[in-house]
Amino acid sequence: QAQKPADKEHPYGHGRAEYIATLIIAILLCVAGIEFIEAAFERISDPQLIEVKWWMVIVLAVTIVLKEITARYAKFLSSKVASGTLHADAWHHRTDAISSLLVVIAMIAGIYGYPAVDGWAGLGVSLFLIYTGFDIARDAVDDLIGKPPTSEEVETIRQIIMKINGVLGVHDITVHSYGQDKFASVHVEIDADKTTAEAHDLAENVETQLMEGLNVAPTVHIDPVYPDNPMVTEVQTFLDDHWINDERITGFHDVRIVDTENHHVILFGIRVRPGLNKSQIIECCNEMKDSITGFPGYEVDIKVSHPYQY
Ligand SMILES: [Zn+2]
Ligand SMILES: [Zn+2]
């Protein structure tokens, strides 16, 4: 289902179907676990005396090894293609292996005259199944609600863009995942003296590089900067000296100076620590504005990045 190409109703493809599939597997694991609990309690209160032969133990031992190999293979595959369903599947095989292992232990215990071990082992398996189910479900739900991109993802995007000639900075990177398909938007800082046509070429170049390098479909927002304006450097130095260690702020970008006849503005963007509320952010911005006193006649305009922009 997840591999199905995009259609009219689902233009982003069906990658997110995988999250739902994973969620269903997780729920099935939990249901199986709950059923096992019941069976286990029955066996604890009423131990069955079955005659166990050593060859049964050997057969089970072989299946355990096979299951574990399958689990490792699925896990290896899931790490290759970052698939939650495969990962859940790997867990499925592993829980099978572990429950078989417990059966073997129970059988051996039975041979030596402890039939109730079977029930306790079953209880262990059930709890393990439920735990695994919850664990996998949590991942799938995170994916469905929307997870932040990994820091490697953000770093790779940044590196690819920074390598392009003419790019002076990157910020506010946003990534949306639809299973294997990813969409992104990025702010790219370029010299303000470039023409619109040049800026467009650069933006197009960024889009191509990201598509080729990461298979990410991006939208590019261009921010004009004045790298040669000494005031930009001054503001940057001021921010680095006075605000870089503030625990509320995680980064600055995009320092610009606007000088028109009746407008004199210092603009820059900041990223704040996740979890700050609106009034804390406003307070932080006001403190910053008040601290910038070295540029009389200039207004200060601070833009705060959204929590999903990196
Ligand atoms: Zn920007
Ligand atoms: Zn275009």
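**Cavity, zinc site and salt bridges**

Mentor: The largest cavity holds about 40 Å³ of space. Please keep in mind that this is a predicted model, in which local features need pLDDT of at least 70 and side-chain atom pairs count only at pLDDT 80 or more, while totals for chains, interfaces and linings use all residues. Residues are numbered from 1 along each chain as its sequence is written, chains are lettered from A and ligands numbered from 1 in the order in which they are written, and side-chain values use heavy atoms, with hydrogens and water left out.

Trainee: What counts as a cavity here?
Mentor: On a 1 Å grid over the protein atoms alone, a cavity is a set of points where a 1.4 Å probe fits but cannot get out, and lining residues have an atom within 4 Å of a point. Grid points are joined across faces, edges and corners, and the volume is the space filled by probe spheres set on the points.

Trainee: How many cavities of 30 Å³ or more are there?
Mentor: The structure holds one.

Trainee: Which residues line the largest cavity?
Mentor: The lining consists of Ala-71, Lys-75, Ala-90, Trp-91 and Arg-94. Three of the lining residues are nonpolar, none is polar and two are charged (Ala, Val, Leu, Ile, Met, Phe, Trp, Tyr, Cys and Pro count as nonpolar, Asp, Glu, Lys and Arg as charged, and the others, Gly among them, as polar).

Trainee: Which helix gives the most to that lining?
Mentor: Helix 3 does, with three residues. Helix 2 (54–81) and helix 3 (84–111) each supply at least two; helices are DSSP runs of H or I with at least four residues, strands are runs of E with at least two, and both are numbered from the N terminus.

Trainee: Changing topic, which protein atoms hold the zinc ion?
Mentor: The donors to the zinc ion (ligand 1) are His-171 (NE2), His-187 (ND1) and Asp-223 (OD), at 2.1 to 2.2 Å. Their spacing in sequence is H-x15-H-x35-D. His-171 belongs to strand 1 (residues 167–178) and His-187 to strand 2 (residues 181–191), 16 residues apart. Donors are N, O and S atoms within 2.8 Å of the metal (3.2 Å for Na, K and Ca), and water is not among the atoms, so sites may look incomplete.

Trainee: Is His-171 buried or exposed?
Mentor: His-171 is buried, at 3% relative accessibility, and His-187 is buried as well, at 11%. Buried means under 20% relative accessible area, exposed over 50%, and partly exposed in between, with a 1.4 Å probe and protein chains only.

Trainee: And how many salt bridges does a search of the whole structure find?
Mentor: The search finds six, a salt bridge being a side-chain nitrogen of Lys or Arg within 4 Å of a carboxyl oxygen of Asp or Glu. One of them joins Glu-287 and Arg-248 at 2.9 Å, N to O. Glu-287 lies in helix 8 (residues 278–291) and Arg-248 in the loop between helix 7 (230–242) and strand 4 (249–259), so the pair ties together parts 39 residues apart in sequence.

Trainee: How accessible is Arg-248?
Mentor: Arg-248 is buried, with a relative accessible area of 13%, whereas Glu-287 is partly exposed at 33%. Asp-246 joins Arg-248 and Glu-287 in a network of salt bridges.

Definitions and conventions. On a 1 Å grid over the protein atoms alone, a cavity is a set of points where a 1.4 Å probe fits but cannot get out, and a pocket is an open set with protein on both sides within 12 Å along at least five of seven lines; lining residues have an atom within 4 Å of a point.
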